[in-house]
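I opened the model today to look up a few places in it. My notes follow, one entry per place.

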Amino acid sequence: MDGLISVLTDNFDEWLAGFWVTLRIVVIAFAIAMVVGTLVAAFRIAPNKLLQRLGGIYVETFRNIPLLVLLFISFAGFRRAGLDIGPWEAGIASLGLYTAAYVAEALRSGVFSVSKGQIEAALSLGYTYGQAMRRVVFPQAFRTVISPLGSLIIAMIKNSAIIGVSLLALDDLLKTARVISARGFQTDEAFFWAAMGYLTLTGLATFTIRVLEKRYAIHR
Amino acid sequence: MTYLFDPDNWEWVITQNNFRFILEGFLVNLEIAIIAMVLSLIVGLALALARLAPWKPVSIAAGTWIDVFRNLPLIFIILYLSLTIPGAWPDAYEDAIPGWFPEGLQSGRVLAAIIGLVLYNSAVLAEIMRAGILSLDRGQNEAARALGMSYRQSMRRVVLPQGLRRMVPATVSQLITLNKDTTLVSIVAIQEVMRHGRIVTGANFFGGVQAPVLQVFLLIGFMFIVVNLLLSRLSRRLEIRESKRTAVGRVKRVRGLEEQAI
């Protein structure tokens, strides 16, 4: 038991740094995923057939390729091709673009969940298309999108661990656990605290989503 | 762009055994995926039933188990198992595995990878199955009980056949994720597609032609895309056939499940 506590307290600064790296990867990658995902979703619901196809190709490509392969392509692949890309940029871009495909799908089904009559009613009340979207469709779509986006954040927290152990070797939570366990042969203890770190992050995300869901639930 | 499409950079594919070597690695991934899929579905159903059991202690224990393994990174689980699994287990596995099994699976290291994949995916699948079963109208179970069926009979004959049908789309997305996640086992030093890719891109492996990293892993990514697209096509086919056969029209989808599988 003493060993368990001391593994945490003796290396506290390292743990904190690892936790911080994981958090930073998730936050930045999620921002990228939201921006790109919204763009792709807009492509997919655009009235133009070509744009729809392009959006579809993006989603099918990034959803069906393993994240680890993306990391290899974006880091080792581009480097060998002569592009000077650092592990941070490659890792965050890969995770962000990978999740963007899922974000696009979530947003698209969110917009489609608002019935057509809503837009028609808003337009007939004299709203412009932009106003109807902003005041009627988006607030309703937002509600249905909260829980899928929440699951995506949780998935990102888990997927961020792949960046740490792959050849990019960012010093995230899992990498820290590996370093500390190798140093003192305290594998169980080190991995226990890393697990606590990940469960704290996913637990916090789950809790926040529940609160948001409750707040924006439709009261009938 | 010119680098990407330069024929010199694709020459490695047709040089000697390079392509076959990558493909062999990819087959190992598929084999691991199939074994892990079957085991995860079985364990996942058992976990879901335990979670829904009318006896509280069992339900709470199963729920905690599911929540822990669902929320840990898969690569974390695989790495931990590979470091701490007792040395006797892989030996026992190597003794127990039948000789006709593919060569890639003969090594004892595969054990940690498969256990890790099953621990994680069975927890996710259990949650999907539970939601599928819970989405069913309560009246179904009550009616079955009122007709004199026992809890087990009602589960087997009424609740499970309907509940499980609803979770087919979400399950398939999770199986696609599992298929992608087999690349993670490369950290346990199993000779699968990622390893083979790195070997090929290492110094002049076959035929003195240097294989560029970018092109090798683009090809590997393409292989995954093809197989995963086939998987999702297959599930759509199944759904249509099933709804025709049972004449219930479109199977109702369970909301908020598809997103579980990432």
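Predicted model: local features only at pLDDT ≥ 70, side-chain atom pairs only at ≥ 80, totals over all residues.

Entry on helix 9, chain B. I listed the buried residues as B:Ser154, B:Met155, B:Val158, B:Val159, B:Leu160, B:Gly163 and B:Arg166. I recall that residues three or four places apart point the same way, because an α-helix has 3.6 residues a turn. The helix runs over residues 151–166, 16 residues in all. From first C-alpha to last I get 21 Å, close to the 22 Å expected at 1.5 Å a residue. I also found a kink of about 50° at B:Val159, shortly before the proline B:Pro161.

Entry on B:Thr182. I located this residue in the loop between helix 10 and helix 11 (193–201) of chain B. B:Thr182 counts as buried because its relative accessible area is 0%, under the 20% cut-off. A polar atom of its side chain lies 2.6 Å from the backbone oxygen of B:Asn179. Not counting residues up to four places away in sequence, I found that B:Thr182 touches B:Asn29, B:Ile32, B:Ala33, B:Leu117, B:Glu192 and B:Phe224.

Entry on A:Lys158. This lysine is in helix 7 (residues 129–165) of chain A. Leaving aside neighbours within four places in sequence, A:Lys158 is in contact with B:Arg70, B:Asn71, B:Leu72, B:Pro73 and B:Tyr120. I also noted that A:Lys158 and A:Leu201 are 43 residues apart in sequence and 9.5 Å apart in space, C-alpha to C-alpha.

Technical notes: Residues numbered from 1 in each chain as written. Chains lettered and ligands numbered in written order. Heavy atoms only, no water. Helix = DSSP H or I, 4+ residues; strand = E, 2+ residues; numbered from the N terminus. Expected span 1.5 Å × (residues − 1). Bend = angle between axes of the 7 residues up to and from the residue. Buried < 20%, exposed > 50% of the residue type's maximum accessible area, 1.4 Å probe, protein only. Polar contact = N/O pair within 3.5 Å; in protein donor to acceptor, adjacent residues only side chain to side chain. Contact = heavy atoms within 4.5 Å.
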